[in-house]
Amino acid sequence: MKKLYPYPSGEGNVRWISSEWLEDNLKEHSMKILDIQPNVHDYISEHIPGAVYFNEGLLRIPLKGRPAVYVSPGVMQAHFRCVGLHPHIPVVVYTGVGIFKGWGDGLEQTMVSYTLARFGHNTIYVLDGGLNKWKEEERPLTKEFPQIKESGFTVEVRKDYFIEYEKFKEIKDRDDVIVLDARPADVYQGQGPWIKPGHIPGAVNLPWASLMDGKNKALLKPVEDIRSIVKDHGVSPEKTVICSCGTGREATNEFILFKWYLQYPRVFIYEGSFTEWSSYPENPTVTGKNPR
C-alpha cells in the first residue's frame with residue numbers, strides 16, 4: 001500500500017515525508033527547512049532551496065565534565081529563534097553525507113528532530129532518505145541563502161520524553177521494561193571508547209543502522225521489515241521501551257521511530273546512556289552478545 005505523506009497520519013510531533021512530497025510543497029511559505037549536514041561547507045556547496053543551515057554541534061555541551069549534555073533551555077531557545085522557527089509551523093529536517101566533507105552518517109536528522117520535539121516544537125517532518133535521495137532523483141539544489149526573520153519561539157521542555165539516571169536505575173530491570181542499546185554489535189559486545197567495556201546489564205542490542213537502508217542511512221527500511229526486526233528483538237507495544245546508546249545520539253533514531261513511526265505507547269530515551277552509566281565506578285557492565 002502506498003504511503004500518504006506526511007507519514008504516519010495523525011497529530012504526532014514527528015512524521016516522515018518523501019522527497020516527492022517536499023518538492024511539491026517547496027513553495028509553501030509557512031514551512032521552514034533546516035539543513036543539518038555535518039559541515040557548513042556542505043551546505044554552502046549545495047542545499048535544498050529555502051533551507052537554512054543549523055549545526056548539530058549547537059545542541060550539547062559538557063556538564064561537570066561529562067560530555068554530550070543538552071544546552072540549557074534558554075540557549076536552545078536562542079538557537080531556535082535565530083533560525084526563525086515557530087512551534088506550530090512545520091519544520092523539515094534533512095541531512096546528507098556531505099559533498100564537501102563527507103562526514104554525514106544519517107543520525108543528524110534524527111538527533112535534531114528529537115531535540116526540536118524535546119524543546120517544544122509541535123510539527124517536525126523528517127525527509128526520508130535525506131539529501132542523498134533528493135540528489136539521486138535530480139531534484140533542485142541551490143547555493144543561495146534564504147532570508148530568515150528571527151522568531152519569538154518559547155521553549156517548553158517535554159520531560160515525559162526522557163528518563164534520567166536515578167529513575168532509569170529504578171525501573172530498567174522490571175519485566176514490563178525493555179532497554180535497547182542502539183550501538184553497533186561490536187561496541188555493545190566489547191570495548192568501545194568508554195572507560196568500561198560492553199553494555200548496561202539487561203540492555204538488548206538493536207543497532208540503529210539495522211533499521212535503515214544499507215546504502216543510505218537516512219532512509220528507513222520498509223515498515224514491514226522494521227516491524228519484523230523489532231519483533232525478533234523482543235520489542236512489543238505492551239512493554240515500556242527505553243532507548244539508549246553511547247551518548248544518546250544513536251538512540252534518537254529508535255526513540256522517534258518507536259514513538260511516532262510505530263506509535264508505541266510508552267517510549268523513553270535515556271539521554272545519558274552508556275557514557276553516564278559507565279562514569280560511575282560502582283556500575284557493572286556486561287560483555288558479549290547476551291544482555292546479561
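Contact here means heavy atoms within 4.5 Å. The model is predicted: local features need pLDDT of at least 70 and side-chain atom pairs count only at pLDDT 80 or more, while totals for chains, interfaces and linings use all residues. Residues are numbered from 1 along each chain as its sequence is written, and side-chain values use heavy atoms, with hydrogens and water left out.

Select helix α8, residues 223–232; helices (H or I, at least four residues) and strands (E, at least two) are DSSP runs, numbered from the N terminus. V223, I226, I229 and V230 are buried in α8, that is, under 20% relative accessible area, as against exposed at over 50% and partly exposed in between (1.4 Å probe, protein chains only). These residues lie on the same side of α8 because they cover an arc of only 120 degrees around the axis, taken from the directions from the helix axis to the C-beta atoms. The cover over the buried residues of α8 includes α9 (250–261). On the other side of α8, select E224, K231 and D232, which are exposed. G234, which follows α8, has a positive phi, near 80 degrees.

Proceed to strand β1, residues 14–17. Both of its faces are covered: V14 and W16 are buried on one side, R15 and I17 on the other. In a regular strand the side chains alternate between the two faces of the sheet. Within β7, V126 stands opposite W16.

Finally, select F145, in the loop between α5 (130–136) and α6 (165–171). F145 is exposed, with a relative accessible area of 53%.

Notes
Pairing = 2+ DSSP bridges.
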